[in-house]
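Hi there,

Here is the structure I promised to pass on. My notes follow below it.

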Amino acid sequence: MTRRQAPVVIASNRGPVAFEPDERGVLRPHRGSGGLVTALIGAMQRTGGHWLAAAMTDGDREIARREGGRMTIEGEAGPIHLRFLDLEPELYDRYYNGVANGMLWFVHHYLWDTVRSPVFDEGTEESWQAYVEVNRRFAEALAEEGDRAPAEPVYLVQDYHLCLVPRFLRDLRPGALIAHFSHTPIAGPTYMRILPIRIREALLRGLLGADVLGFHSPAWAENFLMSARGVSGVRVDLPRSRITLEGREVAVRVHPISIDAAAIRRLAATPEAQALRRDLLRWRGDAQLLLRVDRLELTKNIVRGFLAFGEFLRRSPEWRGRVRFLALLSPSRQDLPEYRAYAEECLAAAERVNRTYGTASWIPVEVRLRDDYLGAIAAYGLYDVLLVNPVFDGMNLVAMEGPIANRRHGVLVLSRNAGAFGRLGRYALGVNPFDVRETAERIGEALALPEHERRRRARGLSRLVLANPPERWVGSQLEDLERARRRRAAR
Ligand code: G6P
């Protein structure tokens with residue numbers, strides 16, 4: 001067996017499926033959506049291997065106990081070997097809500113209002129200890145899974161939930177080939193200094209246990225390199241994107257993830273999606289459609305999106321009655337108070353636009369608050385303008401899915417702070433997500449673009465998305481690990 005076919009052992013907080021009871025109370029797996037799961041499932045089916053994830057639902061926990069944590073699930077293209085880690089709910093809450101979502105997500109997306117938050121205290125320390133403990137358990141379970149593999153495996157560790165895993169796993173299996181991939185942006189070194197020094201150092205050293213660190217955009221890779229320069233005993237070679245510590249080398253690499261375009265087009269062609277599209281066409285009437293599709297998420301900048309639309313309507317009275325803004329928002333992280341408050345702010349901002357500009361026959365904004373992937377795919381088909389304006393975003397897959405499913409040469413208005421901008425920016429209209437005035441201008445510009453220009457941009461966008469198939473993302477990481485193995489052997 002050549003090393004490229006080495007079995008893959010994946011670790012991510014959220015697994016490829018979650019178990020929920022059906023009408024008869026029988027636990028059934030539901031596939032998690034999103035590019036991460038799709039890309040990783042593709043990799044596993046090519047190479048064989050195992051997937052370790054935290055049990056997140058009560059159903060997952062029950063299954064984890066019943067099956068001793070390990071199970072095989074029939075995926076669309078072959079079996080997936082899955083192991084759920086059954087973590088005590090309180091420990092999990094501190095690790096997931098307290099640190100991963102409450103601290104790391106905030107730092108890497110620059111979400112704090114630093115006059116008032118964060119305040120780190122005793123509670124932070126307790127949560128941090130839980131994060132350390134969960135990461136340790138992931139590393140131990142990974143080592144066990146690796147030992148069961150038929151040949152020496154490679155480990156693919158995912159995201160900010162598991163920053164300490166590379167270090168712990170390195171201690172347990174010094175010769176292991178380990179990659180870690182960050183799906184978020186990475187804060188620059190100055191902003192990272194908000195974190196307590198011990199936590200910042202532990203996170204950086206934890207990641208540096210890997211052989212390869214992957215990011216979606218050169219900007220995030222650069223931020224990591226700059227932060228790593230502050231860690232003692234670490235040498236950073238910026239031009240070669242390489243870090244040396246403890247006599248080992250860590251390669252810092254950029255691999256933008258992509259989407260499964262064929263799967264999206266198949267879904268868009270189903271009778272169910274077509275029926276939803278017909279409903280939307282009736283709802284839209286003669287107006288043009290401005291669309292946004294997002295998790296109801298602090299980073300997505302939903303409130304400023306509505307402010308920008310209001311500003312556009314204020315300056316362009318000729319458009320009133322001729323455009324409708326549909327916001328498809330799926331609820332997210334409602335355990336965190338910041339998210340509950342933000343949901344209310346979003347609804348209030350939409351309502352203000354409707355009160356100011358709406359008439360008896362025209363409601364400018366409609367917000368649909370539910371988890372409805374098929375509804376989003378249907379809506380993608382119809383937009384004239386797609387607004388993707390996150391404050392910061394690791395990549396952003398909506399900016400890719402939209403152009404793949406759209407049938408009207410719709411225009412993409414895209415935040416320059418999304419990783420996707422680096423790939424798609426030249427065919428999008430770029431915005432500074434904090435600049436409501438500029439966003440309003442771009443919405444107007446997008447709605448008024450001549451047909452030939454819309455077509456040129458829409459074609460350019462789908463071409464760029466199609467040119468980067470999802471297999472490439474995993475394939476490149478496996479190649480990086482192979483190079484790391486050869487470098488190590490040559491030393
Ligand atoms: C987004 C981010 C990922 C992250 C995921 C976690 O999709 O891009 O980096 O892993 O959120 O979401 P969850 O719902 O599992 O907390």
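Let me start with a pair of helices: α11 and α16 cross in the right-handed sense (near helix turned clockwise from the far one by less than a right angle). Helices here are DSSP runs of H or I with at least four residues, strands are runs of E with at least two, and both are numbered from the N terminus.

Before the rest, please note that this is a predicted model, where local features need pLDDT of at least 70 and side-chain atom pairs count only at pLDDT 80 or more, while totals for chains, interfaces and linings use all residues. Residues are numbered from 1 along each chain as its sequence is written, and side-chain values use heavy atoms, leaving out hydrogens and water.

Back to the helices: α11 covers residues 302-315 and α16 residues 436-448, and they pack at about 65° with axes 8 Å apart. The axes are lines fitted to C-alpha atoms over the stretch in contact, with angles from 0 to 180 degrees between N-to-C directions. Among the residues that meet are Leu307 and Phe312 in α11, and Ile443 and Leu447 in α16 (contact: heavy atoms within 4.5 Å).

Next, Leucine 386 sits in strand β16 (residues 385-388). Leucine 386 is buried, at 0% relative accessible area (buried is under 20%, exposed over 50%, partly exposed in between, with a 1.4 Å probe and protein chains only). Beyond four places in sequence, its contacts include Leu291, Val398 and Pro403.

Finally, β2 and β3 form a hairpin with 5 residues between them, and glycine 25 in the turn has a positive phi of about 85°.

Best wishes

Notes. Pairing = 2+ DSSP bridges.
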